[in-house]
Amino acid sequence: MSDAFTFRRRRQQLCQRVQRPILLMGNGERARNLPMTLLPFRQDSTLLYFTGCRQPGAAALLDGEHCRLFVPIPGPDDALWHGPPPPIAELRDALGVDEVLDATGLAAAVAELCRAGRTPA
């Protein structure tokens, strides 16, 4: 896996070429036959290349030099079934993003950019 510097540099190069906000959407988990039987998860390759984030349901909003990563915040009982989640600060530092936020705030962040006339690519 690449380091935070590599991900940051890749995002900077992308933003220099596009010159507007960019929304990168990751994959979510998919059921095989029944909702409780999931297919093996594989993150979207574009989100993985630019952020290194392997969490299902993640998205990144790039705006110039600023990168906000939106991830689903696990419920209080998730640690029982999946182990303790990585601390937000650890995730932020490992991936070289500026902020790690709850995925439920993604729609509001995109709407705010759209109201300002800066629709993400």
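A residue counts as exposed when its relative accessible area is over 50%. By that cut-off Q19, at 63% relative accessibility, is exposed. The model described here is predicted. Four strands in it form an open sheet of mixed pairing, in the order β1-β2-β3-β4, and helix α5 packs on that sheet. Helices α1 and α4 also come into contact, with their axes within 6 Å.

**Sheet**

- The edge strands of the sheet are β1 and β4, each of which pairs on one side only.
- From one strand to the next, the twist averages 20 degrees.
- β2 and β3 run antiparallel and are joined by five bridges.
- Within this pair, L61 stands opposite R68 in β3.
- The two strands β2 and β3 form a hairpin with two residues between them. In its turn, G64 has a positive phi of about 65 degrees.
- β3 and β4 run parallel, and four bridges join them.
- On the β4 side, R68 has E99 as its bridge partner, while V71 stands opposite D102 in β4.

- α5 covers residues 106-115, and its buried residues are L106, A109, V110 and L113.
- These four lie on the same side of α5, because the arc they cover around the axis is only 95 degrees.
- The buried residues of α5 pack against β1 (22-25), β2 (59-63), β3 (66-71) and β4 (99-102).
- The direction of α5 makes about 25 degrees with that of β2.
- On the face turned away from the buried side, α5 carries the exposed residues A107, E112 and R115.
- G117 follows α5 and has a positive phi, near 80 degrees.

**Contact of α1 with α4**

- The axes of α1 (residues 4-18) and α4 (residues 88-95) cross at roughly 65 degrees.
- Angles of 65 to 115 degrees count as roughly perpendicular, and α1 and α4 are therefore roughly perpendicular to each other.
- On the α1 side the contact is made by A4, F7 and R11, and on the α4 side by D93, A94 and L95.
- By class, four residues of this contact are nonpolar, two are charged and none is polar.

**Loop residues**

- Q19 sits in the loop between α1 and β1. Its phi is positive, near 65 degrees, although Q19 is a residue other than glycine.
- T104 belongs to the loop between β4 and α5. With a relative accessible area of 69%, T104 is exposed.
- The C-alpha atoms of T104 and I73 are separated by 8.8 Å, and the two residues are 31 residues apart along the chain.

Conventions: Residues are numbered from 1 along each chain as its sequence is written. This is a predicted model: local features need pLDDT of at least 70, side-chain atom pairs count only at pLDDT 80 or more; totals for chains, interfaces and linings use all residues. Side-chain values use heavy atoms; hydrogens and water are left out. Axes are lines fitted to C-alpha atoms, for helices over the stretch in contact, and angles run from 0 to 180 degrees between N-to-C directions. Angles under 35 degrees count as roughly parallel, over 145 as roughly antiparallel, 65 to 115 as roughly perpendicular and the rest as oblique. Contact means heavy atoms within 4.5 Å. Ala, Val, Leu, Ile, Met, Phe, Trp, Tyr, Cys and Pro count as nonpolar, Asp, Glu, Lys and Arg as charged, and the others, Gly among them, as polar. Buried means under 20% relative accessible area, exposed over 50%, partly exposed in between (1.4 Å probe, protein chains only). The arc is that of the directions from the helix axis to the C-beta atoms. Two strands pair if DSSP finds at least two bridges between them.
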